[in-house]
Structures are given as C-alpha cells and as structure tokens.
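Student: I would like a close look at one part of this protein. Please keep it brisk.

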Amino acid sequence: MRLVIARCTVDYAGRLSAHLPSAQRLIMVKADGSVSIHADDRAYKPLNWMSPPCTLKEEEGTWTVINKTGEKLIITIEEKLHDSSHELGVDPGLVKDGVEAHLQELLADRITTLGDGWTLVRREYPTAIGPVDILCKDADGGTVAVEIKRRGEIDGVEQLTRYLELLNRDPLLAPVKGIFAAQEIKPQAKVLAADRGIGCVVLDYDALRGVEDDKLKLF
C-alpha cells in the first residue's frame, strides 16, 4: 500500500463530474490498483475514489487514474508532504459474527429462498482478496455471488463490488451478478447497490431458522 499526504486538487470526469478544491489530503493506492482520496473528518468513506481495474499514470505534478470505461480521476499535486509504501501481505478477511455465519449457513442450505431453481455452487468461494460468502447459480444457469451481513452498509456493497470485479475476470464464471443480503440494509447502501447493478435482499433471521413456521421467507 502506498500512502501519500499532499496538498492537491481532485477532478473526476465520468458519468458525473466532481471537483475538490485545494487542500491537504491522504491519497491511498492499494495493491489491487484502487486509488482513493481521504480527508481527516470521516471514519472510512473517501472523498473520491477509483475502483479496480484501473491504471495510474504519474506525471510531474499530476496523477491520472483511468478505469476500464474511460472515466478519469485527475489529482493535481501542489505540494507533497509524505510518500511511503508498505507491504501488508495477505489479509485473512473479516471474521463474521455468529449471526452472519449462521445466516450464511442457513441460506446456503436453502438457497432456493432466493428463487426457484437456484443451486448452490459453494460457500466461502475463494478469491485473491478473500472468500465470497455464497456462490450459486440462478434458474437460468447464471452465476451469482451473495454477500451476507447482519447490517448492510456501504462498505459491504463496496466489498461485494470488489469480489464481482475479480469473479468477472474468470471466463468460466462470467458474467457474475451480485446480491447483497442482510437483516437490515441502510438506504445509502441500497442506492449504491442499485448504481452498481447489485440486487438487495432483506433476510428475516427468525423465519430462516424456522421459528415462525416451516417455510423460509425473504422480505
């Protein structure tokens, strides 16, 4: 991971245009190729970013990040205060709590709750950046990746987006659709999921466990 602290301006040119005026910011370049710009006033959400796959071209005073659709993130560096690179190694991934793990087990065991004719491929399907909770096939034979959370927030959608980008590079799996499943999904996460072409499913934990009746329900 490369960390750069610099006074810079940032311009995004794509489906939407955005401009960040001159200020000191943290620029983060991860091993997966993603580039994100951060301020010092929020927990995790960047001011702007470019998800992989993308390319970074560095010129004197200007960084240009271009994704596969031609959208550009242009960072104009006025003053560089810090520049360092660090090898983080392979991350073991997020350890799910008991509810999330049980939701995954229940949904994998009864995958037809997502649709008639759906079949399970594998739980914890491995990728280079961590395992996908559930990989399955829909009734038409299409591949679907399912990410399960107890509470669905923006970071969960981002996580599933990264998985989908990797899975869709595999010609044996592509095209791969995504489903974000949780007991509760925040409105912002639903908006981001819709923008990414990801479906959202709200799960009733008690119904999946069969507490209310013998049938599984999705709400």
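Is helix α2 mostly covered or mostly uncovered, and how many of its residues are buried?

Tutor: First, the ground rules. This is a predicted model, where local features need pLDDT of at least 70, side-chain atom pairs count only at pLDDT 80 or more, and totals for chains, interfaces and linings use all residues. Residues are numbered from 1 along each chain as its sequence is written, and side-chain values use heavy atoms, leaving out hydrogens and water.

Now the helix. α2 is mostly covered, with ten of its 14 residues buried. Buried means under 20% relative accessible area, exposed over 50%, partly exposed in between (1.4 Å probe, protein chains only). Helices (H or I, at least four residues) and strands (E, at least two) are DSSP runs, numbered from the N terminus. α2 runs over residues 154–167 and spans 20 Å from first C-alpha to last, close to the expected 20 Å. That expectation is 1.5 Å times one less than the number of residues.

The buried set includes Gly156, Val157, Leu160, Thr161, Leu164 and Leu167. What do the buried residues pack against? Their partners are strands β4, β8, β9, β10 and β11, plus helix α3. Contact here means heavy atoms within 4.5 Å.

Take Thr161, which sits in α2. Thr161 counts as buried because its relative accessibility is 8%. Leaving aside residues up to four places away in sequence, Thr161 touches Arg196 and Ile198. With Arg196 there is a side-chain to side-chain polar contact at 3.0 Å. A polar contact is a pair of N or O atoms within 3.5 Å; within protein, one must be able to donate a hydrogen and the other to accept it, and residues adjacent in sequence count only if both atoms are side-chain atoms.
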